[in-house]
Amino acid sequence: MQERAVGRRERKKAATREAIRDAALELFFDRGFDAVSVREVAERADVSPTTVFAHFPQKESLAFSDEDERHERLVAAVRDRAPGTTVSHALRAHYLAETAELASEPYGRVLALMVETPSLVDYAERMWLRHEGALVEQITTESGLPEPTDSIRLYVRFALQIPLLASRSADPRAAIDAGFQLLDDGARAVAVDSGRRSGQGR
């Protein structure tokens, strides 16, 4: 009985979040991000402003409701890659798939909204770069190291910049390819450094 009640609460919470997100996007697409207030979003979704902030910590997050899913997909791209696949190859494939998805609706309209709203661009980039710690941890763990090396930290930092730069390119696919071509030497450096550390531990 208790599990059933918890299930209902979770479904209601998810439905409320979806209603708020849909209301926000409708208003943003119609009038622009800066012209819409959180109160107006709340009224459209038939909830209070407090409820809006309970689901979305700030106004910018209303335009990016799938950040947790994107985070998990990014980490999974590395964690669940096929044997023999390098981190660079796994991330490149993931970025290309994400680029194709972002060209579809409603992502295409969100990207168009970002073009005219600098605060959304800044927010999106901050949210993307917060994935750095999780990727560093994943690569460090699978390398069998007690702590990340400078090479791993630098590799991840640069790898996360690739899709940001590609999003501003006239040819995102070519930009992603170029970025990982430059990172190939870095990936080999990570492998060599990891091997040395592992050898010292034996």
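## The largest pocket

A pocket here is an open set of points on a 1 Å grid over the protein atoms alone, where a 1.4 Å probe fits and protein lies on both sides within 12 Å along at least five of seven lines, and lining residues have an atom within 4 Å of a point. The space in the largest pocket comes to about 1,000 Å³, a volume being the space filled by probe spheres set on the grid points, which are joined across faces, edges and corners.

At least two lining residues of the largest pocket come from each of helix H1 (2–31), helix H4 (67–79), helix H5 (87–102), helix H6 (107–115), helix H7 (118–129), helix H9 (150–166) and helix H10 (172–201). By class, the lining holds 23 nonpolar, three polar and 11 charged residues, where Ala, Val, Leu, Ile, Met, Phe, Trp, Tyr, Cys and Pro count as nonpolar, Asp, Glu, Lys and Arg as charged, and the others, Gly among them, as polar.

## Basis of the model

The model is predicted, with local features needing pLDDT of at least 70 and side-chain atom pairs counting only at pLDDT 80 or more, while totals for chains, interfaces and linings use all residues. Residues are numbered from 1 along each chain as its sequence is written, and side-chain values use heavy atoms, with hydrogens and water left out.

## The chain as a whole

The protein chain has 10 helices and zero strands, these being DSSP runs numbered from the N terminus (helices H or I, at least four residues; strands E, at least two). Of its 202 residues, 36% count as buried, a term that means under 20% relative accessible area, with exposed over 50% and partly exposed in between (1.4 Å probe, protein chains only).

Contacts, meaning heavy atoms within 4.5 Å, join residues at least 24 apart in 67% of the cases in which the partners are at least 6 apart in sequence. The chain exposes about 12,000 Å², of which carbon and sulfur atoms supply 52%, with areas taken from the Shrake-Rupley method with a 1.4 Å probe.

## Helices H8 and H9

In helix H8 (residues 132–142), the buried residues are Glu 132, Leu 135, Val 136, Gln 138, Ile 139 and Thr 140, and their cover includes H4, H5, H7 and H9. Gly 144, which follows H8, has a positive phi near 75 degrees.

Helix H9 has 17 residues and reaches 25 Å from its first C-alpha to its last, close to the expected 24 Å, a span defined as 1.5 Å times one less than the number of residues. Its buried residues include Tyr 155, Leu 160 and Pro 163. Leaving aside neighbours within four places in sequence, Pro 163 is in contact with Tyr 95 and Trp 128; the C-alpha atoms of Pro 163 and Trp 128 are separated by 9.5 Å, although the two residues are 35 apart along the chain.

## Two loop residues

Arg 130 has its place in the loop between H7 and H8 and counts as partly exposed because its relative accessibility is 37%. Beyond its neighbours within four places in sequence, Arg 130 is in contact with Glu 67 and Asp 68, and its C-alpha atom is separated by 9.6 Å from that of Leu 160, 30 residues apart along the chain.

Asp 46 is found in the loop between helix H2 (38–45) and helix H3 (49–55), and its phi, near 65 degrees, is a positive value in a residue other than glycine. With 69% relative accessibility, Asp 46 counts as exposed.
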